[in-house]
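Thanks for coming. Please have a look at it first.

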Amino acid sequence: MNVSLNWIKEYVKLDDNLEIKEITERLTMSGSKVEKFEKYGTLVEGVYTGLVENIVKHSEDDSFSIVTLNLCDNNYIAVAKIPDIAIGDIVPVALPNAKILGKSVKEDLVKGITSQCMICHIADLGLTKEQFPIVKSSGLISFPKDVKIGVDVSKLLGLGDYIIEFEITPNRSDCLSIEGLAREFAVTFDLECTELWQDKSANLNYVNSIDNISVKVETENCEKYILNVAKNIKIKPSPFEIQLKLMKSGYSVINNIVDITNFVMLEIGQPLHAFDRDILNGEIKVRQAYENEKIVTLDKEERILNNNNMVIADSEKAVAIAGVMGGLDSAISNQTTSVAIESANFIRGSIRNTSKKLLLRTDASAKYEKGLAPELTEHAMNRVCNLINTLGIGTISLDVVNVSNCKQIDFKLNVDYNKINSIVGTDLSISEIDNILNKLNLKVEGSVVTVPYYREDIRIIEDLSEEIARIYGYDKLPSTMPNTAATFGGRTDKQLFEDKIKSLSLSLGFNEIYTYTFFSIDTLKKAISENDKKLYNLVKLENPLSKDFEFMRTTTIPHMLEALERNYSRKNDDVKLFDLGKVFLNAENIIKNELCDEKLHLTLGMYGDNLDFYELKDVVSNILNSFKIETEIVRSGETYLHPGMSADLLVNNETIATIGKLNPKIIQNYTLPENTYIAIIYVDKVYENKVNKIKYKELPKYPTVERDIAFVINEDVLSGDIVKEIKNLNINIVENVTLFDVYQGNQIEMGKKSMAYRIKLRSNDKTLEDTEISAFMDSLFDMLNSKFKAQIRK
Amino acid sequence: MNDKLKQIKELVELELNASVKVEDIENIKVKYLGKKGEITTILKTLGQMAPEDRKEAGSLINNLRQEVESIIEYKLKILKDSEIDKKITSEKIDISIDKSNEKIGNKHPLTVVLDDIKEIFIGMGYSIAEGPEVEYSKLNFDALNTPKDHPARDLQDTFYITEDIILRTQTSPVQARTMLIQEPPIKIIVPGRVYRSDNVDATHSPMFHQVEGLVVDKNITMSDLKGTLETFAKTYFGENTKIRLRPHHFPFTEPSAEVDVSCFVCAGIGCKVCKGEGWIEILGAGMVHPNVLAAAGIDSKIYSGFAFGMGLERIAMTKFDINDMRYLYENDVRFLKQF
């Protein structure tokens, strides 16, 4: 909401010495947040309005004109280069010794002719075309004809005024008006708020029809509908004073009737609408629209409505979308001689829905959406009557049609002084509190406060406490710490676990990334085969921003690959990333009106010349080992991974982690090197399986014996299987089996490989004897022979 | 006797001075102190001496032996040291060479900020509560005094999955969930991802992160809220930080406030970071609305509480002077490695 400070000053006698910075800061601190402020023009001295009486082209240079100006009996000559100046224009004239932008204006010889004065350009007054749109294209201000000649332009325009932009919170629809904000100014600076015109709304006469129009309200979405008719209207520009206030508030200037409805909406906060009376046919009906009912609105767009939209209709058709925008047919035109003026109150939700569905937000709908007090309708109608009469725009009476579905009663609230102090944390006396309440027009009698109609936000003691706190000053509140019973703070076991997972990933060289938790179907298809049904069971957004954000992710792989790809395309070498984030599974729950399952996945991704499968396997093992989790390894069936270079790690036959090289077929879809590796650790499963009880095992007392063996074996045999079998031979003495060489090539038969292991033997009970060791080695050779058809190399 | 001993000492010194290698000295040691060494030999002659001379001669020889031992050891040490020095000198390497890439990863800046915030509140006795991101709209809105058609719903454009299930627009539903299952005293912070349908630009993202806090107990006041946030701000932004509460409106709190901290870059004078204001808005806060307490089954006649919330992205961006929110989700390692 943009507000002219001068306009406010008509209500509140602010000290002229107050700096704008102090004014805006104090308002912000009392709850009317100032977003920004802007100066409106620059003060000038000695500039007056002058009437252009004659224009003669310069004889030598016809781009210059010799202009005769009338400033209250005295005529002046100006020589100026203003192509669009015309006789009859009322323009700002700087007389000799005038001060403009710090410079003094002097008589000057222009093209050989004495220019006694200067006709001001808009910029000479410090104004822009945005601030003063009714300017000629040359930048010449031609004032409306109601402006008198010889008037001080600085005063006329209120140069040096400030336009203050307020952010009004949704609960304070009363502050979406000059009157409302003036009240806030008054309470903030502890001043009186003057009434500028006498509100005679109590004198409105309620009649059944006006100018033969009756009103029927057929919907619950309209709480109040007041209609009045003004006759003998002559459509013309509105008085300059009104135009200037509209311009300062950022409104367009249109004609006297439209300007007055906008002016009253600004002043009072009640949206009004004016129809051309002669277009209306029969009665006015406020009703829900019919399915597919059509209306062309003021913006010349055809709108197709349905039963959720409320319209104002005459006996034939809709003439306005209620609370949003009027229809083009019934709009005020230059031929209009009689207008019907509506001042109505609509239910905020109805207006909000219509405005949203039609993507049509207007100043009126924005106000209705916040919820307005029904009392404003009468207040505003009375002001319209007052203006039409005093400005001589037409004839209007206080007879109005008034259909009301709401009760207008004063709201009363008990003032619990202790409660207020206990909410705010202060120790204010009854009189201090009463004093603040009175300043806010919250009249206290006994300990009961009467809330003014425009403060619909004050209903409970907490609301009253906020009023007290903000006017007393949030900055004056004491700073204390809560005196609560002792609480046991800190992280839960699961949270500590997640932090540890993160620390481990970091210390293993991976950089943490944050990725979006939604994605598009195309993003998913790029990484994951459509046969993977589980990952295509997606939670879908009803109103996504775009296809890119349409589904909640079921896997973190696509975003990880995109992050790797982005780094690769930016030539970042050897990148290692991890993402600890949620995936959203079991979308079918949604249909049952239950939430989907949110699971935490740790995704590791890396590429680089010297990386291999085993490095990533090491990383994953390191993480799992930190939680003392032992896994079995099997080849993975994940299609996004290379089938020969991928593995699932299992605990109790359940996959706890998957590791592998990215499938070359998937790599084709990305700009990524062949050497790209991915691992997923299913964090929730790791948490379920982590070993929490640790029992100390005594360190070995007896020495170890080491034996190396080498053999040739079928290349398909997995080393892990060999190690497992060796250990199973005698679990009591095989302490460790380490692969130290694998060889394929010359000297080895095709389809075979040579493998060498170091075996550490140790007993916990005694030093092993040679006979026991050789017996073990014999059984080992037998086993390798029978189970793996190995040829031992001796 | 005395002369002979002096002579030996001089000889030892002479020979030692002439030696340049450790071996030479080892030889001198054998020559004089070995089993058949000169001093050992003399010592052996003691037995043949008259008993009255033996004591004096014995002490003279022993003195000599000790003296010789110590000068040999001294010389030996000097030589060994100089040999090590020579080795050290020859082993100089180019320390500026980097052999491998850095081995440790970096936390994302949002984690950096969140971890610090968590630590501060845990220190004040808060625990951490979490909840689902796909959430019931009744917990996201209705339980928080934001019924349908409430204008505040427009401020938070919501992603809908169904009419009743949405992507949470704030972490506040976790407050509601906590109050439903836990009796006061409640002291929690709630970090998490939230969603609003804002298009991606330099200051907006459809997904972002919040940390909220909630305290519910008997006699909790707005001044407690102010004191708590002041403590947080001073701990997080520095001892000289000031805070400023401005009246505001949120449906779930009453009274409500927006909270600014004095700019930690210019200390409130006005600079680029605070856009000349001297203050940076970082928090929304207020006293928990009685309707919110009631919806969670907490009697507002007995208990009161305060709540606050802040956006992690905003804090990270101001703290690290990041001018575009998109960098936070691009995950370029050159960016990530700066934190």
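Predicted model: local features only at pLDDT ≥ 70, side-chain atom pairs only at ≥ 80, totals over all residues.

**Strand pairing and chain contact**

Residues are numbered from 1 along each chain as its sequence is written, and chains are lettered from A and ligands numbered from 1 in the order in which they are written.

That pair belongs to the link between S13(A) and strand S14 of chain A, residues 213–217, which run antiparallel and are joined by two bridges. Strands here are DSSP runs of E of at least two residues, helices are runs of H or I of at least four, and both are numbered from the N terminus. Two strands pair if DSSP finds at least two bridges between them. In general, strands of a sheet pair through backbone hydrogen bonds, either parallel or antiparallel.

What is the order of the six strands in the open sheet of chain A? The order is S13-S14-S17-S20-S21-S22, with mixed pairing. Strand S13 (209–210) and strand S22 (325–326) of chain A are the edges, each pairing on one side only.

Further along chain A, strand S39 (residues 752–761) pairs antiparallel with strand S37 (residues 705–714) over ten bridges.

Now chain A as a whole. Chain A has 21 helices and 40 strands. Its radius of gyration is 42 Å, well over the 28 Å that the globule rule gives for 794 residues, so chain A is more spread out than a compact globule. That radius is taken over C-alpha atoms, and the rule is 2.2 Å times the number of residues to the power 0.38. Along the principal axes, the C-alpha atoms of chain A fill a box of roughly 135 × 80 × 60 Å.

Last, the two chains. How many residues of chain B are in contact with chain A? The count is 69, against 77 residues of chain A, with contact meaning C-beta atoms, placed from the backbone, within 7 Å. Helix H9 (residues 222–237) of chain B gives the most to chain B's side, with seven residues.

Methods:
Contact = placed C-beta atoms within 7 Å.
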